[in-house]
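Please read them alongside the coordinates.

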Amino acid sequence: MRHMIAITSNWFTPQMLVAFAIFGTLPLWLEGVGLYSYIGLEVLIWIIFALGFNLLLGYTGLPSFGHGAFLGIGGYAMGWFQINVAPNLWLGLLFAIAITALFGAAVALFISHRRGIYFALLTLAFGQVFFFVASKWTTLTGGEDGMLNIARLPADFGFVSFSLQHNYALYYFTFAVFVVTVLVLWRLVNSPFGKVIKAIKQNEMRVGFLGYNVYFFKWAVFTISCAVTGLAGGLFAMAQEGAYVQVMSLQWSGIIVLMTLIGGGFVSFWGALIGTVVYYLARDILGTFTETWLLWYGLMFMLVVMFKPEGIAGMWQDGVAYLNRRRGAGIPPVAVEPARE
Amino acid sequence: MALFEAQGLHKRFGDHVVLEEINLAFEEHKLSGIMGPNGAGKTTCFNVLTGRYKPDRGRVVFDGIDITGKSPGAIAKMGISRSFQVMNVFDEYTALDNVLLAVPEVRRRGLHILYDLTNDTQSNDKAEQILAKVGLVGKERVLASDLSYGERRALEIGIALAAEPRILFLDEPTAGLGTEATAKLADMVDRIKEGVTIVIIEHEMNFLFRISDVINVIQWGQVVAVGTPDELRANPWVQASNLGKLA
């Protein structure tokens, strides 16, 4: 029984349940706080994107400045499949994941032996190549006009089929995908695989001297990250009912980095989620007061990097540690490994 | 036949020849020392032996297998482990996790996504035993970054030891340690040398002469003397050099 509890607690954490509760009930209160249904959908899709991206940046310490390209590839793959092959939601999403993972795997072959600034610059270069190709290959992508008429296909389970036309219907479908993504990624980062990638972030050379194939682990984590990004891209294409080249631009690749860092992806699994929510709140709430919201968001990023590089999640962890110290109860005599919740 | 041999190793960086013609042989279950003045090429020699650098000439043979130019990972998997002169522990991990990562069973499960390490009592027990061996009992849950310098040195060796090596290379393990901590380290090396072949680079002569079975002296990128501590003390070349005074 104790063993079962241990397994269950490793699969589900209180933080996870809180996140599921907030996003599971979001349609019930979103409009009550002055927001609109589509924003919830977009936030959830970008959270999936950010969680996949954070696997690379926060967990493995590999900065990718071209990840927007993979979001775009996922969108195009989803659209191309349903328009040219079969209008099937499941196969379309699988195709988006597979194609994006394939592109990611190919790129990772070239960049996984690099680290730091060289790794970052190579991702930027590949991202720009994909962006340029997508812009010019108009017969496939629609170029600047985008790939239009991507349908919100029904979620067909054989015995029952759900229409995803309404924003909230697609939201709940995306929520289900989000739950599965969180569970899979949580398991991944808490598995031996996760231990190795976190060790690579701390000391890549030493990991190699322990007998691990560092190149392979970096390749694998880049590919997995791209697969998750492709999933988000497929969902985003459905949400927008089109796939557009703008998301592949350097600006969008930069925004996912900002989101992850501000949220605290380096110290917490939930940093990517927090950062995404903060970005959209800044855009939609701050944006109602001033057109220069991005300037203020940029300043916030600068302040975080200067004074608290661990981001909002890091501030939260500090606050909890401070309260624990003040309570003076149940505190270990020495610092222990943060739970990275 | 020696367990590990270096034959005619040559390594240069640009115009600077660091290893001229290195020949070494490390016998199984013996503790071999490598000594020499600063800049003699000791650490470069270690880096060539453990796969970090590829030699320009020469061969490295382990248990009859030519391992010259193999990657550090491939070499580690064959049962060759090393520690580093500059501290190379995982600061964000606890002492236990540092060691756990090096345990071969954990390495074999590196790609198991569903595997839960916290429930792997066998690997955890093994890691705890290693920590006990290197004198870190009670520090299992302490972050590596919060350990004292001496404890981090011990952890560095613990990580290398956890890989269950057949041969363990220790690169200046006493670097930065005081007299008391060095004596503790010598006791620890005495404890761990049962069942594992150890090679130590060291500039702390008293330490090296106390624990070594055989010592190789390297100078100007060459092995200039080999022998037991007593033989080396009597060696005219060693006596004439600064090394002789230290020994």
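At which residue does H3(A) bend, and by about how many degrees?

1. H3(A) bends at A:Phe53, by about 40 degrees; the bend is the angle between axes fitted to the seven residues ending there and the seven starting there. This is a predicted model, in which local features need pLDDT of at least 70, side-chain atom pairs count only at pLDDT 80 or more, and totals for chains, interfaces and linings use all residues. Residues are numbered from 1 along each chain as its sequence is written, with chains lettered from A and ligands numbered from 1 in the order in which they are written.

2. Helix H3 of chain A covers residues 37-59. Helices are DSSP runs (H or I, at least four residues), numbered from the N terminus. Its 23 residues should span 33 Å at 1.5 Å a residue, and the end C-alpha atoms are 32 Å apart, which agrees; the expected span is 1.5 Å times one less than the number of residues.

3. Of the 23 residues in H3(A), 20 are buried (20 or more other C-beta atoms within 10 Å of the residue's own, C-beta atoms being placed from the backbone). Just after H3(A), A:Gly61 has a positive phi of about 75 degrees.

4. Chain A puts 25 residues into the contact and chain B 32 residues (two residues are in contact if their C-beta atoms, placed from the backbone, lie within 7 Å). On the side of chain A that touches chain B, H9(A) gives the most, with ten residues.

5. B:Val99 touches B:Ala127, B:Ile130, B:Leu131, B:Gly158, B:Ile159 and B:Ala162, leaving aside residues up to four places away in sequence.

Notes
Helices (H or I, at least four residues) and strands (E, at least two) are DSSP runs, numbered from the N terminus. A residue is buried if 20 or more other C-beta atoms lie within 10 Å of its own, exposed if 12 or fewer, and partly exposed in between; C-beta atoms are placed from the backbone.
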